[in-house]
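Me: I have just opened this model and would like to go through it with you. Could we begin with the strands and then move on to whatever else stands out?

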Amino acid sequence: MLINRTKLCTVIGVYYKEKIIDIISGGLAKVQQHELVIIAGDMNCRIDVHNRKAETVLQFLEEEGLTLINKAPEKTYVCHSGSSTIDLVLKYMKSVRKVTQEMLKIAARKHMPVATTFTLQKESPTCPWNPKISRKLDTQRTEQSHTRIKEAE
């Protein structure tokens, strides 16, 4: 697992060896709840066929608030004995306007590079109240405060 924090988001790269849920859970524990998160990597969880392991892993990730970007028909691993969709990209981002994903077909590689582009919308600051800041100095209040300070001394 590799965690990379940027100004825009945190990217967690994973490679499945054993206990993928434990690995991803450990990565998510290092991320703040408000952070935008991208998890990507070879998870060896096939989403192109019915697969109990993939269903369990994806259910866990969805419960954590992540959304799968990949589409099952887009194969990410191709070899002489077949192909599968095992290299996955997930996101936890509310401010995403658009996501595009493209498999870069390179004949000399088994794992197809997955180019995923996120278009973020700038979030407007939300404030539960509408503060009004007065830039005028109330000299009478200042004098009253000054008098009370003198009396206290």
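This is a predicted model: local features need pLDDT of at least 70, side-chain atom pairs count only at pLDDT 80 or more; totals for chains, interfaces and linings use all residues.

Me: Which residue is the bridge partner of Arg5 in β2?

Reply: The partner of Arg5 is Thr10. Strand β2 covers residues 10-15 and is joined to β1 by 4 bridges, the two running antiparallel. Two strands are said to pair if DSSP finds at least two bridges between them. Also between β1 and β2, Ile3 stands opposite Ile12, and the two strands form a hairpin with 4 residues between them.

Me: And how do β2 and β3 run, parallel or antiparallel?

Reply: They run parallel, joined by 6 bridges. Ile12 stands opposite Ile39 in β3. On its other pairing, β3 meets strand β7 (residues 87-92) in the antiparallel sense over 6 bridges, where Ile39 stands opposite Leu90.

Me: In what order do the strands of the open sheet lie?

Reply: The order is β1-β2-β3-β7-β4, which makes 5 strands with mixed pairing. At the edges are β1 (2-5) and β4 (67-68), each pairing on one side only.

Me: How many helices and strands does the chain hold?

Reply: It holds 3 helices and 9 strands. From the N terminus on, the elements follow one another as β-β-α-β-α-β-β-β-β-β-β-α.

Me: Which face of β2 is covered?

Reply: The covered face carries Thr10, Ile12 and Val14, and the uncovered one Val11, Gly13 and Tyr15. In a regular strand the side chains alternate between the two faces of the sheet. β3 is mostly covered, with 5 of its 6 residues buried. Buried means under 20% relative accessible area, exposed means over 50%, and partly exposed lies in between, with a 1.4 Å probe and protein chains only. Of the 153 residues of the chain, 29% count as buried.

Me: Which strands does helix α1 lie across?

Reply: Helix α1 (residues 20-28) lies across β1, β2 and β3 (37-42), and runs at about 160° to β2. Axes are lines fitted to C-alpha atoms, for helices over the stretch in contact, and angles run from 0 to 180 degrees between N-to-C directions. Leu28 belongs to this helix.

Me: Why does Leu28 count as buried?

Reply: Leu28 counts as buried because its relative accessibility is 18%. Apart from neighbours within four places in sequence, Leu28 is in contact with Ile12, Val37, Ile39, Glu64 and Leu66; contact means heavy atoms within 4.5 Å. The C-alpha atoms of Leu28 and Glu64 are separated by 8.8 Å, and the two residues are 36 apart along the chain.

Me: Changing topic: which residues line the second largest pocket?

Reply: The lining consists of Leu28, Ala29, Val31, Gln32, Gln33, Glu35, Val37, Glu64, Leu66 and Tyr92. A pocket, on a 1 Å grid over the protein atoms alone, is an open set of points where a 1.4 Å probe fits, with protein on both sides within 12 Å along at least five of seven lines; lining residues have an atom within 4 Å of a point. The volume of this pocket is about 200 Å³.

Me: How do the residues of that lining divide?

Reply: There are 6 nonpolar, 2 polar and 2 charged residues. Ala, Val, Leu, Ile, Met, Phe, Trp, Tyr, Cys and Pro count as nonpolar, Asp, Glu, Lys and Arg as charged, and the others, Gly among them, as polar.

Me: Now the loop between β3 and α2: where is Asp48, and is it buried or exposed?

Reply: Asp48 is found in that loop and is buried, with a relative accessible area of 18%. Leaving aside neighbours within four places in sequence, Asp48 is in contact with Ala72, Lys75, Ser83, Ser84 and Thr85. Asp48 and Thr85 are 5.7 Å apart, C-alpha to C-alpha, and 37 residues apart in sequence.

Me: What is phi of Asn44?

Reply: Phi of Asn44 is near 50°, a positive value in a residue other than glycine. Asn44 lies in the loop between β3 and α2 (52-63), and counts as partly exposed because its relative accessibility is 28%.

Methods:
Residues are numbered from 1 along each chain as its sequence is written. Side-chain values use heavy atoms; hydrogens and water are left out. Grid points are joined across faces, edges and corners, and a volume is the space filled by probe spheres set on the points.
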